[in-house]
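Dear colleague,

Please find below the structure that I am handing over to you.

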Amino acid sequence: MAHALMEQGKYNESLQNFQKALELFQKTGNTESSQLSSVYSGLGALYGYMGKYKESLEYYKKGVDLDTLIHGSNSLAAAKAYTNLGLAYGNLGQFEESLKYHTRALEIKQKKLSENDPEIAFSYNSIGTVMFRQGKLAPALEYFEKTKQIYLSTFGEDHPNVLSV
């Protein structure tokens with residue numbers, strides 16, 4: 001419910017739902033579960049939408065800690081959590097930290113997924129975006145081209161993902 005409310009822009013209601021979920025996890029002592037990690041990730045996204053980037057980073061860090069504890073630091077769950085950290089650091093203008101986490105996520109995805117998986121394209125696009133924001137245009141364009149090639153081979157040329165790269 002909290003995720004749906006967040007997507008509808010009902011941030012205060014979403015926050016209340018996420019906070020209730022956290023309280024339930026604390027009451028039950030269920031502090032090492034993928035569901036709790038999902039709540040942390042949701043709170044990270046919610047605070048990001050609200051422009052509260054430090055809070056967003058705080059919850060994304062909790063998600064990384066939990067995902068690496070449960071699934072290991074080389075899992076796809078960890079890669080998703082590292083991507084979230086990369087986005088949060090990028091929102092804070094901490095581009096080197098952002099690149100570090102996006103690169104870590106990409107390395108995991110390259111080991112676990114096929115080379116044309118859209119998740120790899122997402123990581124390429126994220127790295128390209130950070131480089132673009134740093135003013136590193138030539139490397140950014142290389143990453144955007146890699147993104148586009150994967151999307152073309154996966155979705156075809158008329159897909160929104162291809163057109164928006």
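Glu119 is partly exposed, at 41% relative accessibility (buried means under 20% relative accessible area, exposed over 50%, and partly exposed in between, with a 1.4 Å probe and protein chains only). Its partner in a salt bridge is Lys109, at 3.3 Å from N to O (a salt bridge being a side-chain nitrogen of Lys or Arg within 4 Å of a carboxyl oxygen of Asp or Glu). Because Lys109 belongs to helix α6 and Glu119 to helix α7, the pair ties together parts that are 10 residues apart in sequence. Helices here are DSSP runs of H or I with at least four residues, numbered from the N terminus. Lys109, for its part, counts as buried, with 3% relative accessibility.

Please note that this is a predicted model, in which local features need pLDDT of at least 70 and side-chain atom pairs count only at pLDDT 80 or more, whereas totals for chains, interfaces and linings use all residues. Residues are numbered from 1 along each chain as its sequence is written, and side-chain values use heavy atoms, with hydrogens and water left out.

The whole structure contains four salt bridges. Among them is the pair Glu97 and Lys100, with N and O 3.6 Å apart. These two residues lie three apart in helix α6, so about one helical turn separates them. Glu97 is partly exposed at 27%, and Lys100 is partly exposed at 44%. Another salt bridge joins Arg104 to Glu107, whose closest N and O atoms are 3.8 Å apart. Here too the residues are three apart in helix α6, about one helical turn. Arg104 has a relative accessible area of 22% and Glu107 one of 36%.

I turn now to the largest pocket. A pocket is an open set of points on a 1 Å grid over the protein atoms alone, where a 1.4 Å probe fits, with protein on both sides within 12 Å along at least five of seven lines; lining residues have an atom within 4 Å of a point. The space in the largest pocket is about 680 Å³, a volume being the space filled by probe spheres set on the points. Its lining comprises 35 residues, and Ser41, Ala45, Tyr60, Asn84 and Leu87 lie nearest the centre. Helix α5 (76-91) is among the elements that supply at least two lining residues, and α5 gives the most, with 10. By class, the lining has 12 nonpolar, 19 polar and four charged residues.

With kind regards

Notes: Ala, Val, Leu, Ile, Met, Phe, Trp, Tyr, Cys and Pro count as nonpolar, Asp, Glu, Lys and Arg as charged, and the others, Gly among them, as polar.
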